Amino acid sequence: MADDTTPDFTPETLTNGEDNSPAIGLISQYVKDLSFENPNAPAVYQWQSAPQMDVQFNIGAEGVGENLFEVTLKIDVTAKNEEGTGFVVELKYAGLFGVRNIPEDQLQPFFLAEAPRILFPFARRVVADAVRDGGFPPFLLEPIDFHGLFQQQLQAQQGDGQGMAAPAGEA
């Protein structure tokens, strides 16, 4: 009976005994920058109206060494109501990823969809803790479909490319 757990060895994986298979791994994750502002304390704790929450989100990725990339989630949360600003949280939460034998066209989908999905729960906790430590009820960010957003971005870029070609065809 054949052993199904035996890996398939090919000449590519056995060259000089080195593992040449594609791999991406999270090396470290960390708070890169965190700011909490409570500009109207202590009056803010007596305000009765519920604040309007404004959440802004951005993803960045950059090479920081050979086969090393840093992916950063930038999250800005502002709570405002009639009386003024309740609080402002600005967070840059990052992860350091090691990459081996991944084709270039596969990196962008990973860095803009999968890496943020991995980092988001930890960034969400940092924001909730900062808001709670500022004297407010914890603010939990809603889950984000990073893969869906990435697909929308790709479709928008493809639509922009087609949109530019259409007027030339109509002329």
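In what order do the elements of the protein chain run from the N terminus on? The order is α-β-β-β-β-α-α, which amounts to 3 helices and 4 strands. Here helices (H or I, at least four residues) and strands (E, at least two) are DSSP runs, numbered from the N terminus. The model is a predicted one, so to speak of local features a pLDDT of at least 70 is needed, side-chain atom pairs count only at pLDDT 80 or more, and totals for chains, interfaces and linings use all residues. Residues are numbered from 1 along each chain as its sequence is written, and side-chain values use heavy atoms, with hydrogens and water left out.

At the level of the whole chain, 27% of the 171 residues count as buried; the label means under 20% relative accessible area, with exposed set at over 50% and partly exposed in between (1.4 Å probe, protein chains only). The protein chain exposes about 11100 Å², of which carbon and sulfur atoms supply 52%. These areas come from the Shrake-Rupley method with a 1.4 Å probe, and for residues only the protein chains shown count as cover. Among contacts (heavy atoms within 4.5 Å) with a separation of 6 or more, 68% involve residues 24 or more positions apart.

Beyond its neighbours within four places in sequence, Val127 is in contact with Ile75, Val77, Val89, Leu91, Phe139 and Leu141.

The structure holds 10 aromatic pairs, where rings of Phe, Tyr and Trp (its six-membered ring) pair if their centres lie within 6.5 Å, and planes under 30 degrees apart count as stacked, over 60 as edge-to-face and the rest as tilted. One of the pairs is edge-to-face and joins Phe97 to Phe110, at 5.4 Å centre to centre and with 80° between the planes. This pair links distant parts of the chain, since Phe97 belongs to strand 4 and Phe110 to helix 2, 13 residues apart. Phe110 also forms an edge-to-face pair with Phe111, at 5.6 Å and 75°. Phe97 and Phe110 are both buried, and Phe111 is buried too. Elsewhere, one aromatic cluster is formed by Phe36, Tyr45, Phe87 and Phe136.

Two polar residues, finally, share Ser49 as a partner. A polar atom of the Asn81 side chain lies 3.2 Å from the backbone oxygen of Ser49. Not counting residues up to four places away in sequence, Asn81 touches Trp47, Ser49, Ala50 and Pro51. Glu83, in the loop between strand 3 and strand 4, is partly exposed at 39% relative accessible area. The side chains of Glu83 and Ser49 are joined by a polar contact of 3.1 Å, that is, a pair of N or O atoms within 3.5 Å; within protein, one must be able to donate a hydrogen and the other to accept it, and residues adjacent in sequence count only if both atoms are side-chain atoms. Leaving aside neighbours within four places in sequence, Glu83 is in contact with Trp47, Gln48 and Ser49.
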